[in-house]
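Here's a quick briefing to keep beside the model while you look around. Have the sequence and the 3D view open, and we'll start with a single residue before moving out to its surroundings.

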Amino acid sequence: MTLRLGDTAPDFEQDSTIGRLKFHEWAGDSWVVLFSHPADFTPVCTTELGLTAKLKPEFDQRNVKAIALSVDPADAHKDWIKDIEETQQTVVGFPIIADADRKVATLYDMIHPEQSATATVRSLFVIDPAKKIRLQITYPMSTGRNFDEVLRVIDALQLTDKHTVATPGNWKDGDDVIIPLTVQDPEVIKQKYPKGYTAPRPYLRLTPQPNK
């Protein structure tokens, strides 16, 4: 199944470290970061789960829930959590899906045969409260993810959802943003961006970031 930006994230019911989990019901009105791992007890995955656990306050500020996935069973996940918490000095406060039958991995196209015929690659999806897929990032098995980038994109998505703006390359929270090319009427621009803007070129108009 090929998923694209703007598609509805497929719903599923699957075992997890918190019991049987119905995905859309569990997500509720939150944003979701759904990310897969090749296998339990692998060193790269262990660091990623630890990083995600430590980022819980940042996710909470943004109304984001994290949920991980591996094709190992729930009992193995629970043992792995103990290892993560011991080695990464943190508490894993989010569920890990036990996708032993690879149902979710298939729904989200997480198995790439040229990497592995059975294990999931490092797929990551950001899903908004309307259950729409807003970001997809796929890393190879050997490379850990950049969670600073995940937070940066969530900030950009939430900002641009609230205001009629776009974000430039390497944008971070607090930087200038761009007036989209779809906004051309000078009166509308004055109304939407009362603080004014700089660089008045047809392809680039920066404006002070609106208050969130």
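This is a predicted model: local features need pLDDT of at least 70, side-chain atom pairs count only at pLDDT 80 or more; totals for chains, interfaces and linings use all residues.

**Around tyrosine 193**
- You'll find tyrosine 193 in the loop that links α7 (186–192) to β9.
- Setting aside neighbours within four places in sequence, tyrosine 193 is in contact with Thr164, Val165, Ile179, Pro180, Val183 and Thr207.
- Glutamine 61 sits 132 residues away from tyrosine 193 along the chain, and the C-alpha atoms of the two are separated by 26 Å.

**The sheet**
- Three strands make up an open sheet in the order β8-β10-β9, and the pairing is antiparallel.
- At the edges are β8 (177–178) and β9 (198–201), each of which pairs on one side only.
- β9 and β10 (residues 204–207) run antiparallel and are joined by two bridges.
- Across from arginine 201 you'll see leucine 204, which belongs to β10.

- Averaged over the chain, pLDDT comes to 89, and 92% of the residues score at least 70.

Conventions: Residues are numbered from 1 along each chain as its sequence is written. Side-chain values use heavy atoms; hydrogens and water are left out. Two strands pair if DSSP finds at least two bridges between them. Helices (H or I, at least four residues) and strands (E, at least two) are DSSP runs, numbered from the N terminus. Contact means heavy atoms within 4.5 Å. pLDDT is the predictor's confidence in each residue, from 0 to 100.
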